[in-house]
Amino acid sequence: MIRNKTVVTEEKFLKFNSDMFKQRTLPSVLLGVIGMVIGLVCIVLGILLENLLIPGICVGAVFIILFGVILFLPNIVKNNAKKVFSENYKGKSQAEHEYEFDEDGLTVCDGKGHVLADGEYENIEQVLETPTDFYLLADVRACVGFIVDKNGFTEGDAEQLADVLKKAVPDYVVLDSKK
């Protein structure tokens, strides 16, 4: 049996969302700059090729606006995550989760002992391991899951949990701390 008590703060929740965003997208700055360069090239081509002046400027402007917005996606994601944290935890600054892992599955309870999830590992689509946490994702596309703090073990340790999860969940990814 492996047991863990994790305190999810707004900071930890925002890091989870940031890691999910980085895992699933190209760096937004790179993507934004590439799109804006394409937009400028379209505008220049439109000016140089007189018969494509209006379409070139229109397409270029759309690229610049669209990819300019992409530059701000990390801030949009962060603000949305703050809103979700506030709604989910009803103004509290943190929430406690208690985890019990064994060979067959896991149980997740809130700080008051109410069961939030109980089931087999097949319900976990993906595990992401960071230097400080495990993210157990029940829905990868919606980034729905649980954060397990590597410093929160009350029985067992992070290495034991990693071994269990690697055997039970086929999609196990170790995230580089530099990402």
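**View 1. Parallel pairing of strands S5 and S9 in the predicted model.** In this predicted model, strand S5, made up of residues 126–129, runs parallel to S9, and three bridges join the two strands. Leu-128 stands opposite Val-173, a residue of S9. Strands of a sheet pair through backbone hydrogen bonds, in either a parallel or an antiparallel manner.

**View 2. The four-stranded sheet that contains S5 and S9.** The strands of this open sheet follow the order S7-S6-S5-S9, and their pairing is mixed. Its edges are formed by strand S7 (144–149) and strand S9 (172–174), each of which pairs on one side only. From one strand to the next, the twist averages 20°. Helix H5 lies across S5, strand S6 (133–139), S7 and S9, and the helix runs at about 30° to S6.

**View 3. The five-stranded antiparallel sheet.** A further open sheet has five strands in the order S4-S3-S2-S1-S8, with antiparallel pairing. Strand S4 (115–120) and strand S8 (153–155) are the edge strands, each pairing on one side only. The twist in this sheet averages 15° from one strand to the next. Helix H5, residues 158–168, packs on the sheet and touches strand S1 (2–9), S2 and S8. The direction of H5 makes about 100° with that of S1.

**View 4. Strand S3 between its neighbours S2 and S4.** Strand S2 (residues 94–101) and strand S3 (residues 105–110) run antiparallel and are joined by five bridges. Within this pair, Tyr-99 stands opposite Val-108 of S3. S3 is also joined to S4 by five bridges, again in an antiparallel arrangement. Here Gly-105 has Glu-120 in S4 as its bridge partner. S3 and S4 form a hairpin in which four residues lie between the strands. In the turn, Gly-113 has a positive phi of about 90°.

**View 5. The surroundings of Thr-107.** Thr-107 is a residue of strand S3. Its side chain is joined to that of Asp-118 by a polar contact of 2.9 Å. Leaving aside residues up to four places away in sequence, Thr-107 touches Glu-98, Tyr-99, Glu-100, Val-115, Ala-117 and Asp-118. Asp-118 is therefore a partner of Thr-107 in a contact within 4.5 Å as well as in the polar contact between side chains. In a regular strand, side chains alternate between the two faces of the sheet.

**View 6. Packing of helices H2 and H3.** Helix H2 (residues 28–48) packs with helix H3 (residues 53–71) at an angle of about 170°, and their axes are 7 Å apart. Because an angle over 145 degrees counts as roughly antiparallel, H2 is described as roughly antiparallel to H3. The crossing by which H2 passes H3 is left-handed. Sorted by class, the contact of H2 with H3 comprises 18 nonpolar and eight polar residues, with no charged residues.

How values were computed
Residues numbered from 1 in each chain as written. Predicted model: local features only at pLDDT ≥ 70, side-chain atom pairs only at ≥ 80, totals over all residues. Heavy atoms only, no water. Pairing = 2+ DSSP bridges. Axes fitted to C-alpha atoms, helices over the stretch in contact; angles between N-to-C directions. Polar contact = N/O pair within 3.5 Å; in protein donor to acceptor, adjacent residues only side chain to side chain. Parallel < 35°, antiparallel > 145°, perpendicular 65-115°, else oblique. Left-handed = near helix turned anticlockwise from the far one by under 90°. Nonpolar A, V, L, I, M, F, W, Y, C, P; charged D, E, K, R; others polar.
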